[in-house]
Amino acid sequence: TIAPNARAGTRLSARAQVTADTLSEPVNTNEAILVVLGALELDGITKSVRDGDGDGRYTAGEFVTYQVVIPNPNNRDVAGVRFVDELPVFLDIVQVFSATGENRSRLDENYVEFAEMSVPGGPDGGTTVTIVARIHDEEELLSDGVGPGGINGLAIDNIARVTAAGNEVES
């Protein structure tokens, strides 16, 4: 077992001894040396949004799909990744999905979180988080405090955050 606080570059060595009824005396193995690798970072996450009917316009009452791509070009998986996205009050989250991680989302608070994600590495490595939400209809937008003249052209902005190895990257 490797201690969780082992520093990157630490060399660990071990020998084993094999015993068996058919051996007259124990046999020592060669020394095995293990070098502790450092934590990997992620960068370059991208977030895209599609409107529900595909016409390129986002209208009151329409469904939208956010996709956040978390690439991992490293040659090994990155574990312990955390994804957080807090969506604006003008949206109601309908569904969230990630192929990895523990879903800690609170949809009634427009809060999406996946903890302890393991992002696969390699040239095609990475994972995607998908969020489906509904834009409030006109009545709900007025109730949210959007003036009648502000419904068309209402900007709905938000930023997703991914944390790996203590470093946070925003979309």
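Mentor: Two strands pair if DSSP finds at least two bridges between them. Keep that rule at hand as we look at this predicted model.

Trainee: Happy to! What is the order of the 4 strands in the open sheet, and what is the sense of their pairing?

Mentor: The order is S5-S6-S11-S8, and the pairing is antiparallel.

Trainee: How do you know that S8 and strand S11 pair?

Mentor: Set the count against the rule: at least two bridges are needed, and S8 and S11 (residues 126-135) have 7 bridges, in the antiparallel sense. One of the contacts to look up is Ser 98, whose bridge partner in S11 is Val 129.

Trainee: Why is one side of strand S5 and of strand S8 left without a neighbour in the sheet?

Mentor: Strand S5 (46-51) and strand S8 (91-98) each have a single partner strand and stand at the edges, so one side of each has no neighbour there. On average, neighbouring strands of this sheet are turned by 20° against each other, direction ignored.

Trainee: What makes S9 and strand S10 a pair?

Mentor: The rule asks for at least two bridges, and 2 bridges join S9 to S10 (residues 111-119), which run antiparallel. The count meets the cut-off. Glu 102, for instance, has Ala 115 as its bridge partner in S10.

Trainee: On to side chains. How do you know that the charged end of Arg 106 sits over a ring, and which ring is it?

Mentor: The ring is that of Tyr 111, with the charged end 4.2 Å from its centre. The distance limit is 6 Å, so Arg 106 passes that part of the test. Lys 47 passes too: it lies over the face of Tyr 66, at 4.8 Å from the ring centre.

Trainee: How many aromatic pairs are there?

Mentor: The count is 0. Ring centres would have to lie within 6.5 Å to pair.

Trainee: Finally, what lines the largest pocket?

Mentor: There are 15 lining residues, and Tyr 58, Thr 59, Ile 135, Leu 154 and Ile 156 lie nearest the centre. Strand S6 (63-71) and helix H1 (138-143) are the elements that give two or more residues to the lining. The space in this pocket is about 310 Å³.

Trainee: How many of the lining residues fall in each class?

Mentor: By class, 11 are nonpolar, 3 polar and 1 charged.

Notes: Residues are numbered from 1 along each chain as its sequence is written. This is a predicted model: local features need pLDDT of at least 70, side-chain atom pairs count only at pLDDT 80 or more; totals for chains, interfaces and linings use all residues. Side-chain values use heavy atoms; hydrogens and water are left out. Rings of Phe, Tyr and Trp (its six-membered ring) pair if their centres lie within 6.5 Å; planes under 30 degrees apart count as stacked, over 60 as edge-to-face and the rest as tilted. A charge sits over a ring if NZ of Lys or CZ of Arg is within 6 Å of the ring centre and within 35 degrees of the ring normal. On a 1 Å grid over the protein atoms alone, a cavity is a set of points where a 1.4 Å probe fits but cannot get out, and a pocket is an open set with protein on both sides within 12 Å along at least five of seven lines; lining residues have an atom within 4 Å of a point. Grid points are joined across faces, edges and corners, and a volume is the space filled by probe spheres set on the points. Ala, Val, Leu, Ile, Met, Phe, Trp, Tyr, Cys and Pro count as nonpolar, Asp, Glu, Lys and Arg as charged, and the others, Gly among them, as polar. Axes are lines fitted to C-alpha atoms, for helices over the stretch in contact, and angles run from 0 to 180 degrees between N-to-C directions.
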